[in-house]
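Work through the exercises below with the model open in your viewer. Try each task before reading its solution.

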Amino acid sequence: MSNRAQHYTYRVCWSPQDEMYVGTVAELPSLSWLAPSQAAAFAGIYRVASETVTDLEADGDLVPEALADREYSGKFMVRVPPEVHRQLVIEAAEQNVSLNRLAASRLVRA
């Protein structure tokens, strides 16, 4: 099995519709694994992700880079409707902070 999958972003949560735990991996969104326990769901999705990466490598296909291994600039653009933009500018002015600082603080709290 490939070690590249070790750095991937895994999540295990309860699925009410399946009445089981479901394991997923952010870098390979088409994969999931159902199991009766959290530990088994994690073990299953990890194994499937590792096997998938091994298969991709063997076929010469692109293997997704782990989100944890990527470099981030700290910048991204968010488009909002003009009325939301205006309201945020007003709130920032009322709080005597920049629009960027207001938006960043809101994102951190969310």
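The exercises that follow concern a predicted model.

**Exercise 1. List the secondary structure elements of the chain in order.**

Solution. Start with the totals: the chain has three helices and three strands. Next, walk from the N terminus. The elements read β-β-β-α-α-α.

**Exercise 2. Work out the strand order and pairing of the sheet.**

Solution. The three strands form an open sheet in the order 1-2-3, and the pairing is antiparallel. Now find the edges. Strand 1 (10-15) and strand 3 (32-35) each pair on one side only, so they are the edge strands. From one strand to the next, the twist averages 25 degrees.

Look at one pair in detail. Strand 2 (residues 20-25) joins strand 3 through four bridges, in the antiparallel sense. Threonine 24 faces serine 32 of strand 3 there. In general, strands of a sheet pair through backbone hydrogen bonds.

**Exercise 3. Compare the radius of gyration of the chain with that of a compact globule of 110 residues.**

Solution. Take the reference value: such a globule would have a radius of gyration near 13 Å. The chain has 20 Å. Then check the box. Along the principal axes, the C-alpha atoms fill roughly 55 × 35 × 20 Å. Finish with burial, using the cut-off of under 20% relative accessible area. Of the 110 residues, 23% count as buried.

Key:
Residues numbered from 1 in each chain as written. Predicted model: local features only at pLDDT ≥ 70, side-chain atom pairs only at ≥ 80, totals over all residues. Heavy atoms only, no water. Pairing = 2+ DSSP bridges. Helix = DSSP H or I, 4+ residues; strand = E, 2+ residues; numbered from the N terminus. Axes fitted to C-alpha atoms, helices over the stretch in contact; angles between N-to-C directions. Rg over C-alpha atoms; globule rule 2.2 N^0.38 Å. Buried < 20%, exposed > 50% of the residue type's maximum accessible area, 1.4 Å probe, protein only.
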